[in-house]
Structure formats: C-alpha cells, structure tokens
Amino acid sequence: MLSYLLDFIIGLGIGFIAGLLGVGGGFLIVPTLVLLGEPIHLAIGTSLACITISALASAYTHLRRGAVLFKVVLIKETFSMPFAIIGAYLSAITPERVLRLIFAVLLLYLAYTLIRSRGECHGESAGEVNYLRVPVVGILAGLTSGLLGISGGILNVPLFHTYIGLPMRYAVGTSSLSLFFTALAGTIGHYRLGQVDLHMALLLAPGLIVGAHYGALTVHRVEPSLIRRLFAVLLVIIAVKMLL
C-alpha cells in the first residue's frame with residue numbers, strides 16, 4: 001500500500017510541473033526511474049508512455065480554456081511523430097553512458113534557460129505567428145523526444161513563443177496537446193523494441209493525471225518566476241546524479 005502511495009505522490013509532483021510548464025516531465029521521469037533501478041533504455045521508453053498520459057490530461061484542461069492553436073499542432077506533429085520514431089530507434093543503438101551525458105547536458109541547459117527567463121508563463125505579448133517555421137520545431141522536438149525519452153515540450157514552449165510568435169499562454173497550451181502525439185509515436189517505437197514498462201507507467205498514471213490537471217490550471221493564476229528558479233536548482237541536482 002505504501003508503495004502505491006509513493007508512486008501516486010511521484011506522479012502527482014511530476015504531473016503538476018508538466019502541466020504548469022507545458023512540458024511532458026520526461027526530464028524528471030527518466031532520472032526518477034533510473035534511481036528506482038530501471039535500466040536507462042527502459043526508463044526512456046516508460047517515460048514516453050507516462051508523458052502520453054500526463055500530456056493528454058494537461059491538454060484537456062488547456063483546451064477547455066481555449067489556449068490551443070490546432071493549426072500549429074497539426075503542422076508540427078506531421079514532422080514530430082515520424083522523427084520521434086526515428087529517435088527511438090537511435091536510442092536503442094546508443095551506449096547508456098552517452099545517453100546519460102546527453103541527458104545531463106540537456107538538463108543543465110534547461111536550468112540555464114529557466115534562470116534567464118524573465119517572462120511570465122501566462123504572458124500575452126507576441127508577434128505574428130510564423131507557420132513556416134513550425135516544421136523546424138517539429139523535427140527537433142521529435143528527435144529529442146524519441147532519443148532521450150523526454151517531451152519535446154522543453155523545446156516547444158520557448159520556440160513556440162520566441163521563434164514562431166505564439167503568446168506564452170498559447171505556447172504552453174499548444175505544447176501540451178502537441179506532446180501527446182509526439183510522445184505517443186515515441187512510445188510505440190520503444191514498445192516495439194521492448195523498452196516500455198507498462199506496469200510502472202500505469203502505477204504512475206493516477207498521480208500524473210491529477211497533477212497535470214491542476215498544474216495546467218495553476219499556469220493562469222501563479223507568478224512562475226520563483227518556481228522557475230527553484231526548479232532550475234532541482235534540474236542541476238538531477239543532472240549531477242545522472243553523471244555519477
């Protein structure tokens with residue numbers, strides 16, 4: 001019983017952060033599963049299955065608030081989904097130590113961007129939406145998702161806002177729906193390789209669903225600058241653990 005409660009709490013925390021920032025939470029799920037004893041390749045595939053669950057829950061909340069641009073999702077996922085499958089197969093032939101190093105560097109970069117960020121998650125200022133740039137985001141996010149078992153959300157949100165021109169609130173909401181499709185494609189690729197622990201994903205699912213829902217609600221109500229800084233510190237700690 002205590003084990004089930006722990007799985008729910010872990011899922012709840014990761015889901016909340018995922019919903020709040022418009023990311024899938026893979027940068028927390030993968031190291032968490034590794035620390036719990038999962039081999040990293042299995043952790044990556046299982047992470048994508050978890051992201052599929054949390055992204056759907058978060059997207060549902062953002063859809064109800066009208067903060068999703070379907071045209072961006074459609075164009076991006078046309079490129080993200082096939083490249084997520086390619087990334088999944090690339091991960092299978094990449095040594096574990098290399099994956100750990102790539103993952104740690106990515107976490108440190110994310111921490112850096114969070115510390116530098118000064119905008120608000122619910123900010124509305126943005127230029128004209130540039131749809132011609134969406135495929136570039138799709139390719140980068142898809143490869144990253146499949147290769148490292150993370151959501152492309154850590155790329156989606158900042159690129160949607162600065163590179164494509166979406167208001168931040170829409171960048172977070174659109175990213176959430178987009179992540180569902182990208183993660184689903186990556187999950188299928190890893191499942192075919194036998195790299196998905198469905199039992200673990202289902203144990204984390206209830207917490208992920210509840211956490212993602214409330215995280216998506218909170219993004220419209222809370223000043224996120226302090227959360228970003230604290231979260232950046234957490235990412236640095238996890239990155240160091242992945243290298244040890």
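Helices α1 (2–21) and α9 (198–218) each supply at least two residues of a nonpolar patch. The model is predicted. A second topic is the pairing of helices α7 and α8, whose axes come within 9 Å.

**Nonpolar surface patch**

**Crossing of α7 and α8**
- Helix α7 spans residues 153–164 and helix α8 spans residues 168–192.
- Their axes cross at roughly 145°, and the crossing is right-handed.

**Residues in the α7–α8 contact**
- On the α7 side, the contact is made by Gly-153, Asn-156, Val-157, Phe-160 and His-161.
- Helix α8 contributes Met-168, Ala-171, Val-172, Thr-174, Ser-175, Ser-178 and Leu-179.
- By class, six of the contact residues are nonpolar and six are polar.
- No charged residues take part in the contact of α7 with α8.

Note on methods: Residues are numbered from 1 along each chain as its sequence is written. This is a predicted model: local features need pLDDT of at least 70, side-chain atom pairs count only at pLDDT 80 or more; totals for chains, interfaces and linings use all residues. Side-chain values use heavy atoms; hydrogens and water are left out. Axes are lines fitted to C-alpha atoms, for helices over the stretch in contact, and angles run from 0 to 180 degrees between N-to-C directions. Helices (H or I, at least four residues) and strands (E, at least two) are DSSP runs, numbered from the N terminus. A crossing is left-handed if the near helix is turned anticlockwise from the far one by less than a right angle, and right-handed if clockwise. Contact means heavy atoms within 4.5 Å. Ala, Val, Leu, Ile, Met, Phe, Trp, Tyr, Cys and Pro count as nonpolar, Asp, Glu, Lys and Arg as charged, and the others, Gly among them, as polar.
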